[in-house]
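Hi everyone, thanks for coming. Please open the viewer on your screen, and let's walk through this one together.

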Amino acid sequence: LPLEERLKRRIIDGERNGLEDDLLEALQTEPALAIVNDVLLDGMKTVGELFGSGQMQLPFVLQSAEVMKAAVAFLEPHMEKNEDEEGKGRIVLATVKGDVHDIGKNLVDIILSNNGYEVVNIGIKQPINAIIEAAEQHQADAIGMSGLLVKSTVVMKENLQEMASRGVAAKYPVMLGGAALTRAYVEDDLRSQYEGEVHYARDAFEGLSLMDKVMT
Ligand code: B1M
C-alpha cells in the first residue's frame with residue numbers, strides 16, 4: 001500500500017507495529033500537523049463509520065483510538081511551534097461529564113499550547129464544578145469544553161446554566177467543540193439563552209483563531 005493508505009489502515013486496524021517507521025517516512029514529505037489532519041483523522045472517520053454501522057465492535061474502536069493517540073504523541077515534538085507568541089492567555093480545557101472522548105480535546109490542547117496559550121487540561125468526564133474550580137484556581141481567561149456524545153450537548157447547555165447561576169458567566173468566555181455539536185446549536189440556541197460569551201469551534205484550528213479573537 002502507498003504510505004498514506006498504510007497509515008490510515010494502521011488507525012482502522014489498530015495496528016501499532018511499524019507505526020513509528022511509517023510516521024518518520026511521512027515526516028520526510030509532510031508536516032506533522034498535516035499528517036494528523038489529512039491522513040490519521042481520515043482513518044478515525046472511517047472507524048466512526050464502521051462502528052456506527054455495526055461493522056466494528058467497541059474494543060477495536062478503543063485499539064484504533066490508542067494507535068491514534070500514540071501517533072499524535074509521536075508527531076507532537078515535530079509540530080511547528082510559534083515561539084514568539086507567548087502569554088496570550090490561559091484556558092481550562094475539559095471533556096464534559098459522562099464523556100470519555102479526548103482525542104479532539106487533546107489536539108486542541110496541542111494547537112493552543114504551540115501557539116502561545118497556556119492550557120490547563122483537566123481531562124475527561126469533568127463535572128461543571130470541577131471546571132469552574134479549575135478556572136478559578138488557575139485564574140483562567142477562558143473555558144473550553146469538549147464532548148462527542150449527543151447527550152454531551154445537553155450537558156454543555158446545563159453547564160452554561162450553572163455558570164450563569166454561579167455568577168461566572170461574564171468572567172469566562174466559553175468555547176465548545178466536538179462532533180455532536182453544530183454551529184447553529186451553539187451560536188443560535190445556546191447563545192440566545194446565555195448571558196456570557198459562548199462560541200463554537202469546528203476543529204482545533206478554528207479553536208485557535210477563535211481564542212485569538214476572544215483574547216484581544
Ligand atoms: Co465513541 N462514540 N463511544 N468511543 N467514538 C462516537 C462519538 C460515535 C459518534 C460513534 C458512532 O456511533 N458512529 C458515538 C456517539 C453517538 C451519539 O452520541 N449519538 C460514540 C459512542 C456511542 C460511544 C459509546 C457510548 C459506545 C459504547 O460504550 N457503547 C462510548 C461512550 C463512552 C462515554 O463517553 N461515556 C464510546 C467510547 C469510545 C472509545 C473509548 C472506544 C473511543 C474514545 C477513546 C478516546 O477518546 N480516548 C471512541 C471513539 C474513538 C469514537 C469515534 C470513532 C472517534 C472519535 C475521535 O477521536 N475522533 C467517534 C466517531 C465520530 O466522532 N464520528 C465515536 C477524532 C477526533 C480528533 O475528533 O473529537 O470530533 P473530535 O475532535 C475534532 C472536532 O470535533 C474538534 O476538533 C477536533 C478536530 O480538530 N473539537 C473541538 C473537539 N473538541 C473540541 C473542543 C474545542 C474545540 C474544538 O474547544 C473546547
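This is a predicted model: local features need pLDDT of at least 70, side-chain atom pairs count only at pLDDT 80 or more; totals for chains, interfaces and linings use all residues.

Residues are numbered from 1 along each chain as its sequence is written, and side-chain values use heavy atoms, with hydrogens and water left out.

Let's begin with helix α3 (residues 32-52) and α4, whose axes come within 11 Å and cross at roughly 175°. Helices here are DSSP runs of H or I, at least four residues, numbered from the N terminus. Axes are lines fitted to C-alpha atoms over the stretch in contact, and angles run from 0 to 180 degrees between N-to-C directions. How do α3 and α4 lie relative to each other? They are roughly antiparallel, a label for angles over 145 degrees, while under 35 is roughly parallel, 65 to 115 roughly perpendicular and the rest oblique. Contact means heavy atoms within 4.5 Å, and the residues making it include Ile35, Leu40 and Phe51 of α3 and Val61, Met68 and Val72 of α4. By class, the contact of α3 with α4 has 15 nonpolar, 1 polar and no charged residues. Nonpolar covers Ala, Val, Leu, Ile, Met, Phe, Trp, Tyr, Cys and Pro; charged means Asp, Glu, Lys and Arg; the others, Gly among them, are polar.

Helix α4 (residues 58-75) also packs against helix α2 (residues 19-27), at about 45° with axes 11 Å apart, so α2 and α4 are oblique to each other. Leu23 and Leu27 of α2 are among the residues in that contact, as are Val67 and Phe74 of α4. This contact has 9 nonpolar, no polar and 1 charged residue.

Next come helix α5 (residues 103-113) and helix α9 (residues 204-214), at an angle of about 45° with axes 9 Å apart. Their contact includes Leu107 and Ile111 of α5 and Phe205 and Met211 of α9, with 8 nonpolar, 1 polar and no charged residues.

Finally, the ligand. Which of the 34 residues around it come nearest? Those are Val100, His101, Asp102, Ser146 and Val150, where "around" means having a heavy atom within 4 Å. A backbone N or O atom of Gly48 lies 3.0 Å from a ligand nitrogen atom, and one of Gly98 lies 2.9 Å from a ligand nitrogen atom.

Terms used:
Helices (H or I, at least four residues) and strands (E, at least two) are DSSP runs, numbered from the N terminus. A polar contact is a pair of N or O atoms within 3.5 Å; within protein, one must be able to donate a hydrogen and the other to accept it, and residues adjacent in sequence count only if both atoms are side-chain atoms.
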